[in-house]
Amino acid sequence: MKKISKPIIFFGSGPVAAKCLRLLSKDFKVEAVITKPQPSYHKKPYPVLEAAEELRLPILTARTSVEQDKLFNDFTPKSDTAVVIDHGIMISKDIIARFPFGIINSHFSLLPRWRGADPISFAILSGDAQTGVSLMIINDKLDEGDLIAQREIVLSSTVTEPDLTRQLITLSHQLLAEVLPRYWEGKVQPFPQPDKAPTYSRKLKKSDGMIDWHQPAINIERQVRAFLGWPKSHTRLGRVDLILTATHIVAGSGTPGEIVLRDRSLGVYCGQDLLMIDRLIPAGKKEMKADAFLNGYRKELA
Amino acid sequence: MTKDSIITLPNPHLRQKSQRVGIITDSIRDIIKDMESATIDWDKSRDHEVGVALAAVQIDRLYRIIIVRKDYNDKQNHDFTIFINPEIVKTDGTPSEDFEGCLSVPNIYGKVARYPKVKVKARNLLGKEFRVTAEGFLARVFQHEIDHCNGVLFIDRIKDQTEAFFELDEHGKLQPLNYEKDIKANHILW
């Protein structure tokens, strides 16, 4: 007995792409990996390059969309399907047209919610009750293609971006392993994205990581979880620069930015309510609990 | 052994019953090695398919032996499980249709109804009897391969079903076949 088993081309460049590639290569034959080249200033090996080398997969690199198009001038893939995850380079119409089954993007949100980059952080930032993974056949517009699958997970009110990313990588892989073979056999038909108003996420900037204490505490608490991987949540209290890593909200009102110092706890008034700091990283130190921090830094806060 | 040793329709041996294996001799072990290498060699020639299992009759050795790929999602994995004198001792559930293809039936895929769960009794290479319970796709694989031992092909199970036949086109897509022209009147198949 035989069964349909297709090779795929993998497009991906970021750390999430590397983890997905490792999982994907267990269930599918990856004909080639298309990724960004290692920049000379980057000392550590790029995660996708590292993964592809370990898995002994052929690698093709392109810096830009133009270079990527050129790659395909002298490369005719045997694969009739491609998968793109966390790639960072737009894929042109011409390349899309090379794949009869299309290029499938595993997008980490419930499209049409959070089209664009960084859907994971934005789902946490806006306090969404659920998020998930959408498998989309890309077209030449930004995240507007038809879907072949969508699956949701519940977003807990304490989940952080690194945790959620891990959960979504696992879900994404389950979905691809389960749905791609069914799609190849014609048992799954592409369907349009649900008819809901789209929302858009964007690439985060370093400056997003500066806490604005005029924001309500509920926003800052979400921000601490959403930005925990990068750009993190930076602030200066008294004479100490620090990064907040875990906080919770308490009712209260006071001048935004005003420090509330108790015996063993530390809080800051926000635009609304009071944000209690549970864990933090003082500049140049390791992560610690608030009470440990107060033992050493109480004077600096005054 | 290469993929060329795999027999295909219209070879009439595919419609013959295979004989039970008595003592597991070196020649039986050689047949099994040949089955494995033929499957792997066939596999290498296919970009869009994987060889999941094979019955001895498919290399023209009419013994009741089947081999099943240990991980058919991974073409790099060349390990097989061997079942000598396999028998289905129990079936469970209502048969349901899914795609099936055969190394001995070129180009055609068919939608065949199979039980979702089967219990198989067989002997291993040491002659020791063992039983396995298979579900889903693997249950389908056992029903397909044990049919081979009895001279039955998957197309025989669906021969009157006008909408059950498909082929893989040049883009790797399954396309429905014209029953009257491509199937019923195709003398290679019957």
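Q: What makes the crossing of helix 1 of chain A with helix 6 of chain A right-handed or left-handed?
A: In this predicted model, helix 1 of chain A passes helix 6 of chain A in a right-handed crossing. The term applies because the near helix is turned clockwise from the far one.

Q: How do you describe the way the axes of helix 1 and helix 6 of chain A meet?
A: Two packed helices are described by the angle between their axes and the distance between the axes. Here helix 1 covers residues 15–27 and helix 6 covers residues 161–184. Their axes come within 10 Å and cross at roughly 30°.

Q: Which residues in helix 1 of chain A meet residues in helix 6 of chain A?
A: From helix 1 come V16(A), K19(A), C20(A), L23(A), L24(A) and D27(A). They meet T165(A), I169(A), S172(A), H173(A), L176(A) and A177(A) in helix 6. Contact here requires C-beta atoms within 7 Å. The residues of this contact divide into 7 nonpolar, 3 polar and 2 charged.

Q: What pattern does chain B follow along its sequence?
A: Chain B has 4 helices and 10 strands. Their order is α-β-β-β-β-β-β-β-β-α-α-β-β-α.

Q: Why is chain B called as compact as a globular protein of its length?
A: Its radius of gyration is 16 Å, and the globule rule gives 16 Å for 190 residues. The two values are close, so chain B is as compact as a globular protein of that length. Its C-alpha atoms fill a box of roughly 45 × 40 × 30 Å along the principal axes.

Q: What share of chain B counts as buried?
A: Buried residues make up 34% of the 190 residues in chain B. Each has 20 or more other C-beta atoms within 10 Å of its own.

Methods:
Residues numbered from 1 in each chain as written. Chains lettered and ligands numbered in written order. Predicted model: local features only at pLDDT ≥ 70, side-chain atom pairs only at ≥ 80, totals over all residues. Axes fitted to C-alpha atoms, helices over the stretch in contact; angles between N-to-C directions. Helix = DSSP H or I, 4+ residues; strand = E, 2+ residues; numbered from the N terminus. Contact = placed C-beta atoms within 7 Å. Nonpolar A, V, L, I, M, F, W, Y, C, P; charged D, E, K, R; others polar. Rg over C-alpha atoms; globule rule 2.2 N^0.38 Å. Buried ≥ 20, exposed ≤ 12 C-beta atoms within 10 Å, placed from the backbone.
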